[in-house]
Amino acid sequence: MRRGGAALALAAALLGGCATTAPGDARGAAGATPDPWEKWNRKVFAFNEALDQRVLKPVATAYAAIVPELVRRGIDNFFGNFADVWSAANNFLQGKGTAGVYDIMRVGTNTVFGLGGVLDVATEAGLEKTREDFGQTLGVWGMGSGAYVVWPVLGPSSVRDSIGLPMDLAVSPALAVGERAGRYGVNALRLVNTRAGLLGATRVLDDIALDKYTFIRDAYLQRRRSLVFDGNEPPPEDPSAEDDDDAAAAPPAASAPPGR
């Protein structure tokens, strides 16, 4: 789930328009919280929380107790190796050729020397993982993040990220499985293994968040903005400075003619 009951955000296209972020930065203005559907989002969030508490968290807890951490890490690496292929494609789409080549080298290294990706040999060799998705690619090319939205099971997203969700989710070992039951099994393993890895994080979140919905929403939007800019976010615009510039550019008022 993306952090907690909504921490399932492994990533369904939404409506193609509705709200956008504040003008001035098409990729999402710093500090902007576009949440016009908050009432509905909170209902979906509550559903996700209930589903997590009653089903996903107990299953993930039992899974973590039975499956050794080393095996769980290997499963995570295996799925991550497929994600690196999609990350490489998005790096190339974003014009970051060097990062794309590194991703391809990671995939090749882990596939050949890491038992098909079960071992993350590439990271030990200095090829650090980058995680790029289609939502980030759309953001790099100027598409606004749009309204915040919470999806059932999938968790937090935005209009822009929702457009990329189907493709992001499709990049999985399940692609190589012919039978539908097998694909469901692979995706279920991915979900439970990911949830098991978040058990510690959700305990911390439960302790610190007074309003978990707001905390997750703001953290999600801030993180996604940071990812689009690769951590080099431009400073927020100062409206007062813009007003000063407008005042400076205005022609001086004509002086009144002297009285006679």
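Start by selecting F82, which is partly exposed with a relative accessible area of 28% (buried means under 20% relative accessible area, exposed over 50%, and partly exposed in between, with a 1.4 Å probe and protein chains only). What you have open is a predicted model, where local features need pLDDT of at least 70, side-chain atom pairs count only at pLDDT 80 or more, and totals for chains, interfaces and linings use all residues. Residues are numbered from 1 along each chain as its sequence is written, and side-chain values use heavy atoms, with hydrogens and water left out.

**Aromatic rings**

Rings of Phe, Tyr and Trp (its six-membered ring) pair if their centres lie within 6.5 Å; planes under 30 degrees apart count as stacked, over 60 as edge-to-face and the rest as tilted. The structure holds 6 aromatic pairs.

For another of these rings, select W86 and F134. Their ring centres are 6.5 Å apart and their planes stand at 35°, so this pair is tilted. It links distant parts of the chain, with W86 in helix α2 and F134 in helix α5, 48 residues apart. Both residues are buried: W86 has a relative accessible area of 19%, and F134 has 18%.

Next, show F45, Y148, Y213 and Y220 together. Ring pairs link these four into a cluster. Keep Y148 and Y213 on screen for the next stop.

Which residues does N41 contact, leaving aside its neighbours within four places in sequence? They are D35, Y148, V149, V150 and Y213, where contact means heavy atoms within 4.5 Å. N41 sits in helix α1 (residues 38–66) and is buried, with a relative accessible area of 0%. Zoom in on Y148: its backbone oxygen lies 3.1 Å from a polar atom of the N41 side chain.

Then move along to N48, also placed in helix α1. N48 counts as buried at 1% relative accessibility.

**Salt bridges**

Time to look at charges. Side chains of opposite charge can pair when their charged atoms come close. A salt bridge here is a side-chain nitrogen of Lys or Arg within 4 Å of a carboxyl oxygen of Asp or Glu. How many salt bridges does a search of the whole structure find? The search finds 16.

Select D84 and K129 as one example. Their closest N and O atoms are 2.9 Å apart. D84 lies in helix α2 (residues 69–93) and K129 in the loop between α4 (121–124) and α5 (134–140), so the bridge ties together parts that are 45 residues apart in sequence. Colour the two by accessibility and you will see that D84 is buried at 0%, whereas K129 is partly exposed at 36%.

Go on to D120 and R106, a salt bridge with its closest N and O atoms 3.2 Å apart. D120 lies in the loop between α3 (97–113) and α4, and R106 lies in helix α3, so this pair ties together parts 14 residues apart in sequence. R106 counts as buried, at 1% relative accessibility.

The next pair to pick is D161 and R224, bridged with closest N and O atoms 2.9 Å apart. This pair links distant parts of the chain: D161 is in helix α6 (residues 159–170) and R224 in helix α9 (residues 212–228), 63 residues apart.

To see several bridges at once, select D35, E38, R42, D211, R217 and D218. Salt bridges that share partners join these residues into one network.

End on V101, which is in helix α3 and is partly exposed, with a relative accessible area of 40%.

How values were computed:
Helices (H or I, at least four residues) and strands (E, at least two) are DSSP runs, numbered from the N terminus. A polar contact is a pair of N or O atoms within 3.5 Å; within protein, one must be able to donate a hydrogen and the other to accept it, and residues adjacent in sequence count only if both atoms are side-chain atoms.
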